[in-house]
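Student: Please take a close look at one part of this chain. I want the packing around it, residue by residue.

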Amino acid sequence: LLDAGHPVILNYVVTAENVTQLAALVGAIPRLFPSRRRKLSLNLSTLGEFPGMGRHARLFPRLTGVLAQSRKAAAKARRIGLRYFDFLRSGACNLPPCLLTSAERRRIRAVSVISASDDGGPAIAYGLDCLAIEPVVKAAGCRRCSFDGACVGVPREYALKFGLDELRPIR
């Protein structure tokens, strides 16, 4: 497709097993696709919870680690001229604002939480390019956060694996 001049989007699903390879992947793009980067984009996504997930929950990466690796990869993508759609552009509804820097929070589009549950029930969030329907939870302190109405929390399986200590209210 690239040889024919068509734009191509590489989708990379970040998991606990490959999160540390993200910057290396971006760095390999010039070698893998020489002189075609202008038509190439890299889109990142993470796992959402799905029915029957069970043993696959081990693939959930810790969000703070994902963001750290994504920031490194984004800097490398800028240096090589690669269009890079990180989590702020391809699924910010899955990222609690308290895990983002203030500059990153300014980049995300507004998300309206239609319904959410404190007990791990389903949450429905709709944003301009974001739709998430999955069982999610929030920390008790999230009610005091200035972003509480725009944050769906984290997937229930994520909270079972990592806890909710990463979530810190922003005032």
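Tutor: Ser41 sits in strand β2. The model is a predicted one. Is Ser41 buried or exposed? Its relative accessibility is 4%, so Ser41 counts as buried, the cut-off for that being under 20%. Set aside the neighbours within four places in sequence, and Ser41 contacts Val8, Ile9, Leu10, Leu82, Arg83 and Phe85.

Strand β2 spans 40–46, and the buried residues of helix α1 pack against β2. They also pack against β1 (8–14), α2 and β3 (83–85). Which residues of α1 are buried? They are Leu22, Ala23, Val26, Ala28 and Ile29.

Now take the helix pair. Helix α1 covers residues 22–32, and its axis comes within 8 Å of the axis of α2. The two axes cross at roughly 15°. Angles under 35 degrees count as roughly parallel, so α1 is roughly parallel to α2. The crossing of α1 past α2 is right-handed.

Which residues make this contact? From α1 come Leu22, Ala23, Val26, Gly27, Ile29 and Pro30. From α2 come Gln69, Ser70, Lys72, Ala73, Lys76, Ala77 and Ile80. By class, the residues of the contact of α1 with α2 are 8 nonpolar, 3 polar and 2 charged.

Helix α2, residues 63–80, holds Gln69. Is Gln69 buried or exposed? Gln69 counts as buried because its relative accessibility is 15%, against the same cut-off of under 20%. Beyond the neighbours within four places in sequence, Gln69 is in contact with Val19, Thr20 and Leu22. Leu22 is itself one of the buried residues of α1.

Step back to the whole chain. It has 4 helices and 7 strands. From the N terminus, the order is β-α-β-α-β-α-β-β-β-β-α. The chain has 171 residues, and 46% of them count as buried. Take the contacts between residues at least 6 apart in sequence: 62% of these join residues at least 24 apart.

Note on methods: Residues are numbered from 1 along each chain as its sequence is written. This is a predicted model: local features need pLDDT of at least 70, side-chain atom pairs count only at pLDDT 80 or more; totals for chains, interfaces and linings use all residues. Side-chain values use heavy atoms; hydrogens and water are left out. Helices (H or I, at least four residues) and strands (E, at least two) are DSSP runs, numbered from the N terminus. Buried means under 20% relative accessible area, exposed over 50%, partly exposed in between (1.4 Å probe, protein chains only). Contact means heavy atoms within 4.5 Å. Axes are lines fitted to C-alpha atoms, for helices over the stretch in contact, and angles run from 0 to 180 degrees between N-to-C directions. Angles under 35 degrees count as roughly parallel, over 145 as roughly antiparallel, 65 to 115 as roughly perpendicular and the rest as oblique. A crossing is left-handed if the near helix is turned anticlockwise from the far one by less than a right angle, and right-handed if clockwise. Ala, Val, Leu, Ile, Met, Phe, Trp, Tyr, Cys and Pro count as nonpolar, Asp, Glu, Lys and Arg as charged, and the others, Gly among them, as polar.
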